[in-house]
Amino acid sequence: MNYFKLPDLGEGLQEAEVIEWHVSVGDEVKQDQTLVSVETAKAIVDLPSPQEGKILRFYGKAGDIIHVGDPLVEFESEAPSESDTGTVVGKIEIGDAIMTETPIASSYHPSAAGFKATPAVRALASRLKVDLAMVKPSGRDNIITADDIRRVAKLIEKASEMVPLKGVRRAMALTMSQANSEVVPVTISDDADINAWKVDEDISIRLIRAIVAGCKAEPSLNAWYDHHAIARILHKNVDLGIAVDTNQGLFVPVLRNVSNRDAPNLREGLEAIKEAVKNRSIPPEEMRGSTIALSNFGTFAGRYANPMVIPPTVAILGAGKIRDQFVVAKSKPKAHKFLPLSLTVDHRAVTGGEAARFLSVMLYDLGLPE
């Protein structure tokens, strides 16, 4: 018997969610025939069969989380291969039994290790399915008691059902936890006077252009930070991550090389990646490798924010809702349109002066009539 295990799908991701099986138990499949669609890092990937053979068993149904290295499919095969088949998705492991290993726990999941509780209380929490991270301790020296666990368990029971985060929302939760635990964020905000703009100005394109201008003035924001080496990598091209809100969660596809593209081409690229996100057809590689990010939350509501920097990038710009505000011009009040901006940087790699100069250049560029 041969076992096809979930391969590493890129960037060290340790798990994937089964979305849909495209074959059934008992089917005879050909090499490279699509077996299953899985979702990881906000992208859906079709995994092809690494060999010909008859399918005997699936190790996971739609909605299940499978860890890298765990079996996905068991094949019946008369000619098992002893090496990698040459496909991009990994190799077949051969054996008469499946070796079960403890899955690698994500370092971003809430853990009982950081909370004070006796072994008995931890056992009670496990039995009642209460995460210690949700419990406010009432014992001396902030120790979690059994009564604390029971109180939270009752509150959970009275609430609606607990729905595990999967797919995009699961990936988003893990990414946000990583960002919160790793990045040292500092946010600076200001307002761009855009009163000189023409009526039909493309806001997104102007923001992109201003970000490019800021990156040219302060390249340190168009960078990655390596926290192991305590070093930053400055990028020549500006590959902009664009936050796209959907019912499934937040996607951040990458608009490549924005500094060398004109406005019509950028608009065409924006529409293409938004459509791909909407249809869930965007390739995984188009969700990776951004060098700086933009969140235009003002299309919904809100003036300022503290957008989160996602490692390894070191900067993200948030654009708020455009508003009218009175200014004094020639000793008289006059209403101008203003675009609120919030720039968050990773203070490990970016100084306050660099962030302020970046934002200053953006404000100047956005203030131009065209």
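A salt bridge here is a side-chain nitrogen of Lys or Arg within 4 Å of a carboxyl oxygen of Asp or Glu. By that rule, the side chains of Asp191 and Arg323 form one, at 3.2 Å from N to O, and a search of the whole structure turns up 15 salt bridges. What you're looking at is a predicted model, where local features need pLDDT of at least 70 and side-chain atom pairs count only at pLDDT 80 or more, while totals for chains, interfaces and linings use all residues. Residues are numbered from 1 along each chain as its sequence is written, and side-chain values use heavy atoms, with hydrogens and water left out.

**The overall picture**

- The protein chain has six helices and 22 strands; helices (H or I, at least four residues) and strands (E, at least two) are DSSP runs, numbered from the N terminus.
- Of the 370 residues in the protein chain, 40% are buried; buried means under 20% relative accessible area, exposed means over 50%, and partly exposed is in between, using a 1.4 Å probe and protein chains only.
- The accessible surface of the protein chain is about 20,400 Å², and carbon and sulfur atoms account for 53% of that; the areas come from the Shrake-Rupley method with a 1.4 Å probe, and for residues only the protein chains shown count as cover.
- Take the contacts (heavy atoms within 4.5 Å) in the protein chain between residues at least 6 apart in sequence: 62% of them join residues at least 24 apart.

- An open, antiparallel sheet is built from four strands in the order β5-β4-β2-β7; two strands count as paired if DSSP finds at least two bridges between them.
- At the edges sit β5 (43-48) and β7 (65-67), each pairing on one side only.
- On average, neighbouring strands of this sheet are turned by 40° against each other, direction ignored; axes are lines fitted to C-alpha atoms, for helices over the stretch in contact, and angles run from 0 to 180 degrees between N-to-C directions.
- Helix α3 (residues 167-182) packs on the sheet and touches β2, β4 (34-40) and β7, with its direction at about 175° to that of β2.
- Three bridges hold β2 (residues 15-21) and β7 together in the antiparallel sense, and Glu17 has Ile65 in β7 as its bridge partner.

- Strands β13 (residues 223-226) and β14 (residues 231-234) run antiparallel and are joined by four bridges.
- Ala223 faces Leu234 in β14.
- Four residues lie between the two strands of this hairpin, and Ile230 takes a positive phi near 50°.

- Glu354 and Arg232 meet through their side chains at 4.0 Å, N to O, tying helix α6 (residues 352-367) to strand β14 across 122 residues.
- In that pair, Glu354 is buried at 13% relative accessible area, whereas Arg232 is partly exposed at 38%.
- Asp148 is buried at 2% relative accessibility, while Arg151 is partly exposed at 37%.
- Glu182, Asp346 and Arg348 are joined in a salt-bridge network.
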